[in-house]
Amino acid sequence: MNETAARLLTFGRLRVSSGYRESMLKREELLKLFETAGAIRHGHFELSSGLHSGTYVQCAMVLQYPRFAEKLGQALAALFSDARIDAVVSPAMGGLIIGQEVARALPEQKSSTGGGIPALFVERDASGMMTLRRGFSLAPDQHVLVVEDVWTTGGSTQEAIRVVEEAGARVVAAGALIDRSGGKIDFEVETQSLIQLPIASYEEEDCPLCRGGSVAVKPGSRFVRSAM
């Protein structure tokens, strides 16, 4: 067993969400996908939220493989099979691939164009605010599922929800591959994640790794952290 796999198996609290259904991947299958891709790293990291942590979940490592991404998208979509969903919206960059795969797996609505459930994304403008660009738009009362790769503080998902609501659409649920928040976030809509993986994170001034003399690295896609 490689080092990544051994470390993954030490996470005793790792579990599949209570929304698990037979059509979803089993716990062992989920673990295998992340193990194979090396999607969980250990060291000293500054997360996109600004918090520091000794563990970093890089879902892009597993989502780079189309067959893995497809399976994960199908599994996450299955958690919302009872909801009416007209569109999927994801925050760039982390939510792009999984948002596309979830939309692909969802049943097409009767009023659709024939291309499937649309997968839109929000991204930061020059001021650092999340917004719909590239001609994307949402119709009033359109039912939207917001999809993210990882929840730590939930900040990106909250921003995406704000953009959707300001566009006049309705956020009916939010989903993520991994929830590492330890149950500390509340989006005020139905939420589901494939894996709950509580991992300690710290403000910089309280970080034991910083006190130990190591320097945090920024492994994510966001180069400049905007004020939130």
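Leaving aside neighbours within four places in sequence, Val88 is in contact with residues that include Gly99, Val102, Ala103 and Leu106, then Ile117, Pro118, Ala119 and Leu120, and also Leu145 and Val147; contact here means heavy atoms within 4.5 Å. The structure is a predicted model, in which local features need pLDDT of at least 70 and side-chain atom pairs count only at pLDDT 80 or more, while totals for chains, interfaces and linings use all residues. Residues are numbered from 1 along each chain as its sequence is written, and side-chain values use heavy atoms, with hydrogens and water left out.

Val88 is part of strand β4, residues 87-91, where helices (H or I, at least four residues) and strands (E, at least two) are DSSP runs numbered from the N terminus. Its relative accessibility is 0%, so Val88 counts as buried; buried means under 20% relative accessible area, exposed over 50%, and partly exposed in between, with a 1.4 Å probe and protein chains only. Ile117 stands 29 residues away from Val88 along the chain, yet the two C-alpha atoms are separated by 7.2 Å.

Helix α5 (residues 96-105) has as its buried residues Ile98, Gly99, Glu101, Val102 and Ala103. The cover over these buried residues of α5 includes α3 (60-63), α4 (66-78), β4, β5 (119-124), β7 (143-151) and β8 (170-179). An α-helix has 3.6 residues a turn, so residues three or four places apart point the same way.

Strand β7 is mostly covered, with nine of its nine residues buried. The pairing of β4 with β7 is parallel and runs over three bridges, and two strands are said to pair if DSSP finds at least two bridges between them. Parallel strands also meet at β7 and β8, which eight bridges join. From β7 the chain crosses through helix α6 (residues 155-166) to β8, and this β-α-β crossover is right-handed, a term that applies if, with the strands pointing away from the viewer, the path from the first strand over the helix to the second runs clockwise.

Elsewhere, three strands form an open sheet with antiparallel pairing, in the order β2-β3-β10. Its edge strands are β2 (40-46) and β10 (201-202), each of which pairs on one side only. Between β2 and strand β3 (residues 52-57), the antiparallel pairing extends over five bridges.

Individual bridge partners are listed here.

| Residue | Bridge partner | Strand of the partner |
|---|---|---|
| Val89 | Val146 | β7 |
| Glu148 | Ala176 | β8 |
| Phe45 | Ser53 | β3 |

Ala92 and Met93 are joined by a cis peptide bond with omega of about 5°, and Met93 belongs to the loop between β4 and α5. In the loop between β6 (130-132) and β7 lies Arg134, whose phi is near 60°, a positive value in a residue other than glycine. Arg134 is exposed, because its relative accessible area is 62%. Asp141 lies in the loop between β6 and β7 and has a phi near 65°, again a positive value in a residue other than glycine; at 45% relative accessibility, Asp141 counts as partly exposed.

For the protein chain as a whole, the secondary structure comes to seven helices and ten strands, and buried residues make up 47% of the 228 residues. Among contacts between residues at least 6 apart in sequence, 69% join residues at least 24 apart.
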